[in-house]
Amino acid sequence: MAVKYQIPRGTFDILPEESYQWQYITNVFREIAREFSYKEIVTPIFEKKELFERSVGNSSDIVQKEMYEFKDKKGREFALRPEGTAPVVRSFVENNLGMGGGNTKLFYLGPMFRYDRPQKGRFRQFYQYGVENIGSDDPYIDAEVIAMGYTFLEKLGLSNFELEINSIGCANCTENYDKILVKYFTPFMQELCSDCQDRINKKPKRLLDCKVPECRKIAQNAPSMLDYLDEECKEHFLEVQRNLKIMSIPFKINPKIVRGLDYYNKTAFEFVDKNLGAQDTLIGGGRYNELIGQFGGKDVPGIGYAGGFERLMLSMETEKVTFGEKQVPDIYLVTLGEKVKDVAGKLLLDLRIAGVSAEFDPEKNSIKSQMKAADKLQVRFALILGDDEFAQNKIILKDMKSGEQELIGLEKIVESLKKTCEK
RNA sequence: GUGGGUGUAGUUCAACGGUAGAGCACCGGAUUGUGGUUCCGGGCGUUGUGGGUUCAAAUCCCAUCAUCCACCCCA
């Protein structure tokens, strides 16, 4: 009995007719990474579960309910990575990547996993690109990292996005600010949603970006974090803004940005596309100056961001941006008669070795069906080899667009096509 | 985890409880060595799956799975 299998919930296949779009986006990202001089790092798709509990935070939704967890045969607890920063920092510390001093600039690409209810722009296995710049707390670096994200979106042809930045201060500021928030929200306790009532003593900052209308109204007049930054953080944030202005990168200050992952401090930012629906964050990132030390590394600061490919594609679709070109063979070989079919194999191989992408279908016999196939594949040229041509040691090269065709010596055809098909 | 919508041919969608259809795509043909346009021909698909109601179910009911949108969360 044949059983029909279905793809797991919240996942998707990237099908042959659309894979070129993914290639295009990753190529653009790699190119930007090269320009900003980031090097690729590839880490495993799973890590010790504890790695994420300690970094992303035990109280975060990601750890509490969204991790794909499993035990291996010896009972060790692992999790499919829900995000990229923790594994990269783990590798950074483990391999002493900071040894040379200065900044370590890393980028990564790959699938992440979160057990969430699927929705527009949200999947259980999704693909992220991200960067980490480890080793400097200089506000210029913050601006440069942000600039890289900005440049990437621009290079893809997007323009409907906005950059929002905020500073969530350091441990020192937070301690002070949390008290102030608790003091502000406590009188409204009865009017807050149950989540917020729960959060108020754990993470008061989260009340700021609650989406329940009642809470929103109350949060509207809450004291802003920005007014309670200590001198150092305040100065840092101002410098980030100054650097962004120097680079002519437009931004908006949004004091409501609170990163949901525990390791963030100081600069937090998001690139948002308002046309996308509920899941509108294209890129999210921020600074994490304490994380590396926590992982037992030298106590160095870091900053990074990550974005999801799926949302980029949604955004690109709504903005009707073209991405990449369909993969199409250069030539289609048409043969007529059994004798010449024997020549086809060698000719095709020679073409392919020369870098010419060539297609041929040994099961099609009539010239008509072969021409149709060539047309459907949208090839640039058809090569037609029949007994007549073969007898003269020649072959017909037909330009499919213009319809013009010429007779060329069989021994010259590979060299000639190699030249015209070169990019 | 919660709420609502949807599930029929490869695809997009039709079909008052009474024989399941169309566009696009696809395949073949229109004098045997030239594609795109046009014309002609080609569809018995477990109506997501499993139950139930009924003389009769794609249609009504229940369950289940999947999907979409929103909450939540975030990329």
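Tutor: First, a definition: Ala, Val, Leu, Ile, Met, Phe, Trp, Tyr, Cys and Pro count as nonpolar, Asp, Glu, Lys and Arg as charged, and the others, Gly among them, as polar. The model is predicted: local features need pLDDT of at least 70, side-chain atom pairs count only at pLDDT 80 or more, and totals for chains, interfaces and linings use all residues. Residues are numbered from 1 along each chain as its sequence is written, chains are lettered from A and ligands numbered from 1 in the order in which they are written, and side-chain values use heavy atoms, without hydrogens and water.

Student: How do the residues of the surface near RNA strand B divide?

Tutor: Near means that a heavy atom of the residue lies within 4 Å of the strand. The residues there divide into 14 nonpolar, twelve polar and 20 charged.

Student: Which residues come nearest to RNA strand B?

Tutor: There are 46 residues around RNA strand B. Those that come nearest are Arg117, Lys120, Arg199, Thr281 and Met400.

Student: Which side chain has an N or O atom 2.7 Å from a base nitrogen of RNA strand B?

Tutor: A polar contact is a pair of N or O atoms within 3.5 Å; within protein, one must be able to donate a hydrogen and the other to accept it, and residues adjacent in sequence count only if both atoms are side-chain atoms. Gln128 lies 2.6 Å from a sugar or linking oxygen through a polar side-chain atom. Gln405 has a side-chain N or O atom 3.0 Å from a base oxygen. The base nitrogen at 2.7 Å belongs with Arg122.

Student: Which helix gives the most to the surface near RNA strand B?

Tutor: Helices (H or I, at least four residues) and strands (E, at least two) are DSSP runs, numbered from the N terminus. Elements giving two or more residues include strand 6 (125-134) and strand 10 (281-287). With six residues, the most comes from helix 13.

Student: What is the order of the eight strands in the open sheet?

Tutor: Two strands pair if DSSP finds at least two bridges between them. Strand 10 and strand 11 (residues 302-308) run antiparallel, joined by five bridges. Pairing in the sheet is mixed, and the order is 1-5-6-11-10-9-7-8.

Student: Which strands are the edge strands?

Tutor: Each edge strand pairs on one side only. They are strand 1 (39-40) and strand 8 (252-253).
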